[in-house]
Amino acid sequence: MKIILNNDVVHLGEEGDIVTVKDGYARNYLLPTGAAVIYNKANAAMFKQKEEQIAKRKAEKRAASASLKERLDNVSISLVVTAGESGKLFGSVTSQMVQEALLKEGFEIEKKKLDVPTHSIKMTGTYHIVAHLYENDKATITLNVLSEAEVKAAAKKAAEEKAKAEAEAKAKAEAEAKAAEEAATESTETEAPVEG
């Protein structure tokens, strides 16, 4: 079935594109959701009139996509999940979880535009997620999948090191104060007036 897209459809086309799709896809999804209209002379003429507005919107989307790509390429997100000692996750990291983590960072991207390696991540480690933006723009996001146990152990170690450093600093300060006190006592003894 030949249709005209009312808005952008991932893996199909952009607003105003004339595409041919299977009848069932058009009747069951594209037409009822308003994502497309049937191709005929009246609809083609209507889109011909809107051509300038569509071109303007496409230019805006390109500019927004380029800006988003620059910001996303520098993004690194971390997900803390439950995992076994070998690093195997109890469950998996999906595009939904990545989308939620990006949303917390202020990036709103549809989960179907996120390309998670092997569709779900099942081990701890560092992964590169590809975000399909507008047209051929793609951004690469660094995803660190961490085990809860590792994070807790690292936090405990950091707390212990901080406590140790504070104890050393306190001992050093006490030693310096004692030395200063001794020096002050010695100087008052030598400066005492001699009675004669």
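1. Helices here are DSSP runs of H or I, at least four residues long, numbered from the N terminus. Lys58 belongs to helix H3, which covers residues 51-73. Keep in mind throughout that this is a predicted model.

2. Is Lys58 buried or exposed? Lys58 has a relative accessibility of 17%. The cut-off for buried is under 20%, so Lys58 counts as buried. Its contacts, leaving aside neighbours within four places in sequence, are Glu14, Glu15, Asp17 and Tyr134.

3. Now the overall make-up. The protein has five helices and nine strands. Read from the N terminus, the order of elements is β-β-α-β-α-α-β-β-α-β-β-β-β-α.

4. How does the radius of gyration stand against that of a compact globule? The protein has 32 Å, whereas a compact globule of 196 residues would have a value near 16 Å. The C-alpha trace spans about 125 × 45 × 25 Å along the principal axes.

5. Next, surface and burial. Of the 196 residues, 26% are buried. The accessible surface comes to about 13500 Å². Carbon and sulfur atoms account for 53% of that surface.

6. Contacts along the chain deserve a line too. Take the contacts between residues at least 6 apart in sequence: 52% of them join residues at least 24 apart.

7. Which strands make up the open sheet, and in what order? There are four, in the order E4-E9-E8-E6, and the pairing is mixed. Strand E4 (76-81) and strand E6 (114-115) are the edges, and each pairs on one side only.

8. Look at the E8 and E9 pairing in that sheet. Strand E8 covers residues 125-132, and strand E9 covers residues 138-147. The two run antiparallel and share eight bridges. His128 stands opposite Thr142 in E9. In general, strands of a sheet pair through backbone hydrogen bonds, either parallel or antiparallel.

9. Phe47 is worth a visit. This residue lies in helix H2, residues 41-49. Its relative accessible area is 8%, so Phe47 is buried. Which residues does Phe47 touch, not counting those up to four places away in sequence? They are Ile4, Leu5, Asn6, Gly16, Val37 and Ile54.

10. Phe47 also has a charge over its ring. The charged end of Lys50 sits there, 5.3 Å from the ring centre. For a distance across the model, take Phe47 and Ile77. They are 30 residues apart along the chain, and their C-alpha atoms are separated by 41 Å.

11. Lys2 lies over the face of Tyr39, at 4.6 Å from the ring centre.

12. How many aromatic pairs are there, if ring centres must lie within 6.5 Å? The count comes to one aromatic pair. Tyr25 and Tyr29 form this pair, and their rings are stacked. The centres are 5.8 Å apart, with 10° between the planes. Planes under 30 degrees apart count as stacked, so the Tyr25 and Tyr29 pair, at 10°, is given that label.

13. Where do these two tyrosines lie? Both are in helix H1 (residues 23-30), four residues apart, about one turn of the helix. Tyr25 has a relative accessible area of 34%, so Tyr25 is partly exposed. Tyr29 has 38%, and Tyr29 is likewise partly exposed. The category for both runs between the cut-offs of 20% for buried and 50% for exposed.

Terms used: Residues are numbered from 1 along each chain as its sequence is written. This is a predicted model: local features need pLDDT of at least 70, side-chain atom pairs count only at pLDDT 80 or more; totals for chains, interfaces and linings use all residues. Side-chain values use heavy atoms; hydrogens and water are left out. Rings of Phe, Tyr and Trp (its six-membered ring) pair if their centres lie within 6.5 Å; planes under 30 degrees apart count as stacked, over 60 as edge-to-face and the rest as tilted. Buried means under 20% relative accessible area, exposed over 50%, partly exposed in between (1.4 Å probe, protein chains only). A charge sits over a ring if NZ of Lys or CZ of Arg is within 6 Å of the ring centre and within 35 degrees of the ring normal. The radius of gyration is taken over C-alpha atoms; the globule rule is 2.2 Å times the number of residues to the power 0.38. Contact means heavy atoms within 4.5 Å. Accessible areas come from the Shrake-Rupley method with a 1.4 Å probe; for residues, only the protein chains shown count as cover. Two strands pair if DSSP finds at least two bridges between them.
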